[in-house]
Amino acid sequence: MVLHGRLVWESRTLPVFIFSLYLYITSNMQSTKSFKSTSSEETLNFAKNFAYLVAYGSVILLRGDLGSGKTTFSKGFSKGLGFDDTILSPTYPILNEYLLNDQYLYHFDLYRLKSIGEFLEIGGLEYLSNHKAITLIEWPELIENMDISNKIEIQFEHLSENERLITIL
């Protein structure tokens, strides 16, 4: 069986894996939609496990202030998909693209863009509609009025120096 392009060697282990993932996520959720992280490592692990639940073709909008965990989440998420690349913040390049087995991870940071026109000029619609990709977008407020199918919104709140609240909206 293939899960996100990776082979699961024994099909009898898949139900155990899915149940274990469910237990991990639900045991760390404050409600059905929130997770309280007390370290960068917990945020990385949460994102890594969350990645198993997201289908290619999805667009994930990451909302939150500076230092709230968006890029840390992106690093863990990419590991969950099987990417070994070093995930860097796309603040200056605006977009980082990663490729694995004919599937893509697009990681946008729209903070420096001034208008939706700039997003469209760099091919934003084409990136959002690629069904062989998962798109992560930090600072998505610029495009929040666009009709995006397969959208998942995640809010990051900085609770204290080490604590973050991650809420799937």
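**Salt bridges and a sheet**

Reader: What does Glu144 count as at 41% relative accessibility?

Author: At a relative accessibility of 41%, Glu144 counts as partly exposed, a class lying between buried (under 20% relative accessible area) and exposed (over 50%), with a 1.4 Å probe and protein chains only. This is a predicted model, in which local features need pLDDT of at least 70 and side-chain atom pairs count only at pLDDT 80 or more, while totals for chains, interfaces and linings use all residues. Residues are numbered from 1 along each chain as its sequence is written, and side-chain values use heavy atoms, with hydrogens and water left out.

Reader: And which residue forms a salt bridge with Glu144?

Author: The partner of Glu144 is Arg63, and their closest N and O atoms are 3.6 Å apart; a salt bridge needs a side-chain nitrogen of Lys or Arg within 4 Å of a carboxyl oxygen of Asp or Glu. Glu144 sits in the loop between strand 7 and strand 8, whereas Arg63 belongs to strand 4, so the pair ties together parts that are 81 residues apart in sequence.

Reader: Is Arg63 buried or exposed?

Author: Arg63 is buried, because its relative accessible area is 10%. The side chain of Arg63 also meets that of Glu141 in a salt bridge, at 3.6 Å from N to O, and Glu141 is partly exposed at 35% relative accessibility. Salt bridges link Arg63, Glu141, Glu144, Lys151 and Glu153 in a network.

Reader: How many salt bridges does a search of the whole structure find?

Author: The search finds six salt bridges, and one of them joins Lys36 to Glu163, with the closest N and O atoms 3.5 Å apart. Lys36 lies in strand 3 and Glu163 in the loop between strand 8 and strand 9, so this pair connects parts that are 127 residues apart in sequence. Lys36 is partly exposed at 32%, and Glu163 is likewise partly exposed, at 24%.

Reader: New topic, then: in what order do the seven strands form the sheet?

Author: The open sheet has the order 3-9-8-4-7-6-5, with mixed pairing, where two strands pair if DSSP finds at least two bridges between them. At the edges are strand 3 (34–37) and strand 5 (95–100), each of which pairs on one side only, and the twist averages 15 degrees from one strand to the next. Strand 5 runs antiparallel to strand 6 (residues 103–109), and six bridges join them; in strand 6, Tyr106 is the bridge partner of Glu97.

Reader: Which strands does helix 2 touch?

Author: Helix 2 (residues 40–51) packs on the sheet and touches strand 3, strand 4 (59–64), strand 8 (151–158) and strand 9 (164–168), its direction making about 150 degrees with that of strand 3. Such angles run from 0 to 180 degrees between N-to-C directions, with axes fitted to C-alpha atoms, for helices over the stretch in contact, and contact means heavy atoms within 4.5 Å.

Reader: What about helix 3, and which strands does helix 3 lie across?

Author: Helix 3 lies across strands 4, 5, 6, 7 (133–138) and 8, and runs at about 170 degrees to strand 7. Thr71 lies in helix 3, which covers residues 70–81, and, not counting residues up to four places away in sequence, Thr71 touches Ser89 and Glu138.

Reader: Where is Ser58 found?

Author: Ser58 is in the loop between helix 2 and strand 4, and it counts as buried because its relative accessibility is 8%. Leaving aside neighbours within four places in sequence, Ser58 is in contact with Ala133, Ile134, Thr135, Asn150 and Ile152.

Technical notes: Helices (H or I, at least four residues) and strands (E, at least two) are DSSP runs, numbered from the N terminus.
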